[in-house]
Structure formats: structure tokens, C-alpha cells
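Trainee: Before we go through this chain together, could you show me how to read its backbone and its surface?

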Amino acid sequence: MTSSRPYLVRAFNEWILDNDCTPYIVVDAGVQGVQVPTEHVANGQIVLNISPGAVRGLVIGNGALEFSARFGGVPMQVFIPLQAVMAIYAKENGEGMVFGSEPGSPDPDDDGTKDSGGDGQHSGERPSGRPTLKVVK
């Protein structure tokens, strides 16, 4: 199956805007193909306001999110492969979603020492290879 991330990003963006809030995304700036203003990257991540007042021509496609915006008065075309979107949330209240890794990709939090036996549902563990979704508060 195709990734659910683009559909969820589009849905959360619409939901946040419908509730008169400001959608922000957290981006892993180290993912190949990410084009963001590097001077605003901190700890390998950048937080971007994607509200209609902050960006122009926002397109959330199935493979990437792109728009044009001004950073410090300098116009820039921003391109973000959707696997680099780590979270989307409302600035005003923190409501949103944090994305885990896609099925089949390595889990950056897994050091290989966790017990993967059983169903993985006890003690807050999750089955290996499945993405996790959390609400950002």
C-alpha cells in the first residue's frame, strides 16, 4: 500500500485551519531532497508555519510538500519529501500528530535490544516495523 502520511498531513492541515488555528510542521532537515532555509535548522530539524498567510502555493502531494515563502525577507521555494515530515500540529494548542517511521524503514529509536517476542502490546511496546502515532499536546 502507499504511505498514509500525505493523506494524514492534508487532513490535519485542513482540520487545524477549520478550527482557526495555525498549522506548523516539524521537518527532518537531514532527509535527502529536503530544501529548506538551512540557517533556521536546529538539531537537524526545522519547524515551519504552513498557514495560508505564511506561504504561497502550498501543495501537499503524495510524495512531497512544497510552497514558496519568505525567510528574513528572502523568497525561497521550499520542497519537503513527505517522509521528512515528522509532525503536524496547531501552534495555539499543540493538537496534532507525530509520525513514526514508515513500514519497512529502520526505526531510529530501535537500538536492537528490545524484546520483539509476543504481540508487542504490553508495557507500551509496539510490534516491530509498525509506525507509531501520537498526539502532540
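**Reading loops and surface**

Mentor: Let us begin with Asn43, which lies in the loop between strand 1 and strand 2 (45–49), where strands (E, at least two residues) and helices (H or I, at least four) are DSSP runs numbered from the N terminus. This is a predicted model, in which local features need pLDDT of at least 70, side-chain atom pairs count only at pLDDT 80 or more, and totals for chains, interfaces and linings use all residues. Residues are numbered from 1 along each chain as its sequence is written, and side-chain values use heavy atoms, with hydrogens and water left out.

Trainee: What is the phi of Asn43, and is Asn43 buried or exposed?

Mentor: Buried means under 20% relative accessible area, exposed over 50%, and partly exposed in between (1.4 Å probe, protein chains only). Asn43 counts as exposed, at 80% relative accessibility, and its phi is near 55°, a positive value in a residue other than glycine.

Trainee: Where is Asp20 found, and what is its phi?

Mentor: Asp20 is found in the loop between helix 1 (5–18) and strand 1 (23–28), and its phi, likewise positive in a residue other than glycine, is near 55°. Asp20 is exposed, with a relative accessible area of 71%.
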